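Me: Please help me to read the structure shown below, one question at a time.

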Amino acid sequence: MDPRYAPLFEPLKIGPVTAPNRFCMMPYANGHSFLMPNGATGVRETRAEGGWGIIGMQLSEIDPTSDLSGLPYERLWDDGDIKAHAHSVDRIHRHGALASIELAHTGIRSRGIANGYPVLGPSILATLKPEFPYMAKAMDKGDIRTLRQNHRAAIRRAKQAGYDIAYVYAAHDASILWHFLSPAYNRRSDEYGGSFENRLRLLREVLEDAQDEAAGEIAIAIRFAVHEASGPKRISFDGEGRDVVEALAELPDLWDVNISGWSRDSGTSRYDPEGFQEEFTSFVKQVTNKPVLGVGRFTSPDTMVSQIKRGVLDVIGSARASIADPFLPLKIREGRGDDIRECIGCNVCVSVENAGVVVRCTQNPTMSEEWRRGWHPETVPLAKTPETVLIVGGGPAGLEAALTLARAGHAVTLAEARSEMGGRVATESRIKNLAAWGRVRDYRLYQLQQLAHVSLFTDSPLDADAVAEFGADHVLLATGSQWVRDGAGRSRLDPINGFAQAALTPDDLAQGTQPQGTVLIYDDDHSYMANALAADLAAKGHAVHLVSPMPSMAGWLGNTLEQPRMLAEMLALGVTMHPNTTATAWANGALQAIRSDTGQALPPIAADTLLAVTLRHPATALSKALTECGIEHRVIGDAEAPGPIQAAVFSGHRHAREVLGTEPEDRLFKRERPMLFD
Ligand code: ADP
Ligand code: SF4
């Protein structure tokens, strides 16, 4: 190990337990929930194997009034839930890690709609989302007693399940304890409302109950958001956030601190640098003698060790770095820092919560496949007989397929037409604030360069004859996709008059075409591309109109938690936004448009350059030519079906494993089935 990183591997006493090192895999929604316990255990066990010293069980509901049905969380409602937790804890312990559980009552965020019990709050409040017509019940003294009893019972069950650390949760604007604390939510006039001490009372009581129930056998952690970074600053790191830490300083065994709400806690690389929470959380260690854990999209060992050495944190908490590289701690310990598959901070992992599927990751295609497909993040089965593989295209799909097949022992040749590897991530990473996208290429290219039986060629456009002449045992086409010019998009499927003749596309910009004067970007793609280009061009001095047929701009960024930041960025850069605006034609240097909802004509929007960001079509010419010659091949990545970079990486990985013959031909991987009662 590089001695510089030794502080990351010092054991740490946390109350009655000792963490083997300073790495904590944070509680995060991994998409499995209590309904898919085997897959969820696979996620956790793999991280324990990879050296994370504490493995956090994601948010776990303590009782029926904390029901979050529809969201992929865990439950510890009664003794019947203990078995699944105990199984998970056992798998974590096998690798020497501690297991922690984030016990939570989510107060007004709970989904009483699922079971008919009223949602509970400190006061009568709107629940869940403003547009849902349900109100919370203001908790009476009986409700408060029940909550305390249920939290105690959950601690007891956590002990029975074998956990080492149990949480009292007061973060993310998603905890009844936080709701009682907040003067915005708490309008009570009894001893639980009004003054700071009164609003703090329930949190203090639950924490004392937890310590009492733990009885010195397991550690009690508090997860507390010291600062509201979005919305009005009612709780701030230099106000009541600090007051809470001072008031409860020595009561928990571990302070796990962050900022609220979730969208600011899980900031992306586009808007927040690594370690961005330090300015809000660094005071905590000055106020308490207990160990302090914190987060901040940490990906580099240098930043991590700097936090420990400078006395900012005692434990490095990480969700995304552990998703992207489950073996990050082990790699640092073994002096293999160059092998870390660094998170790019894109929040694709976060986005899938809204889709209700298991977590996907741009950098790590094996995420969520640990149990059901048996994919390991670091190893692939060795090929029975080493064969030759030709891969055409050096984007994310081609690079991932090349790496997977080379690791299996095949002799891999990768031919890329351009003068650099990386395909779309090479070009997209040059757009303002998207530099981290380049890590998708950098990790794979470096790994490939370490392998003797890999040949990498740039400036090598291949046609069917060249592929035939090469005569590889396996041919994989990762030829990517191109943006369309004619205006056909995701909401309106037909071409738009005048676009094919006038519009530039993101590919034109990537190839060096300079837009002139005022630029109108027509976004019928709704991801990051149109707004990232708008920011890029505005920063270079262009006046920019950003036009979207949807009622809100860049809906995908609602899933990645970036939408409010993007809107603020557009305003700051002077980009004029036109939501709910469907283009009908481009004529005479102006966009003709109608309101998307009513069809009413809108005034034309004049511009010097039209940039269409709508759809991508797969590049299939080479595949067609090979088919005509009768040469067997696979089409992978964006060339098979254009999508996010994550989908291209996954496709490259999956196809490679299919070449290895380890995947079920009927595509049926292991499934979890609900139990049928007699
Ligand atoms: P993906 O996301 O599926 O990996 P990309 O668009 O990022 O797709 O990358 C595809 C890469 O394939 C591009 O870098 C492109 O230059 C390259 N490419 C496309 N056709 C050929 C070809 N005939 N020969 C070599 N490289 C090609
Ligand atoms: Fe990081 Fe993106 Fe993977 Fe999430 S999906 S862990 S943000 S690389």
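Me: In what order do the strands of the open sheet of 3 strands lie?
Reply: This is a predicted model, in which local features need pLDDT of at least 70, side-chain atom pairs count only at pLDDT 80 or more, and totals for chains, interfaces and linings use all residues. Residues are numbered from 1 along each chain as its sequence is written, chains are lettered from A and ligands numbered from 1 in the order in which they are written, and side-chain values use heavy atoms, with hydrogens and water left out. Strands (E, at least two residues) and helices (H or I, at least four) are DSSP runs numbered from the N terminus, and two strands pair if DSSP finds at least two bridges between them. The pairing in this sheet is antiparallel, and the order is E22-E23-E24.

Me: Which are the edge strands?
Reply: An edge strand here pairs on one side only. The two are strand E22 (581-587) and strand E24 (601-606).

Me: How is the aromatic pair of Phe-9 and Phe-23 classed?
Reply: Rings of Phe, Tyr and Trp (its six-membered ring) pair if their centres lie within 6.5 Å; planes under 30 degrees apart count as stacked, over 60 as edge-to-face and the rest as tilted. Phe-9 and Phe-23 are 5.3 Å apart, centre to centre, with 50° between the planes, and the pair is tilted.

Me: Why does this pair tie together separate parts of the sequence?
Reply: Phe-9 lies in the segment before strand E1 (12-14), whereas Phe-23 is in strand E3 (residues 23-25). The pair therefore ties together parts that are 14 residues apart in sequence.
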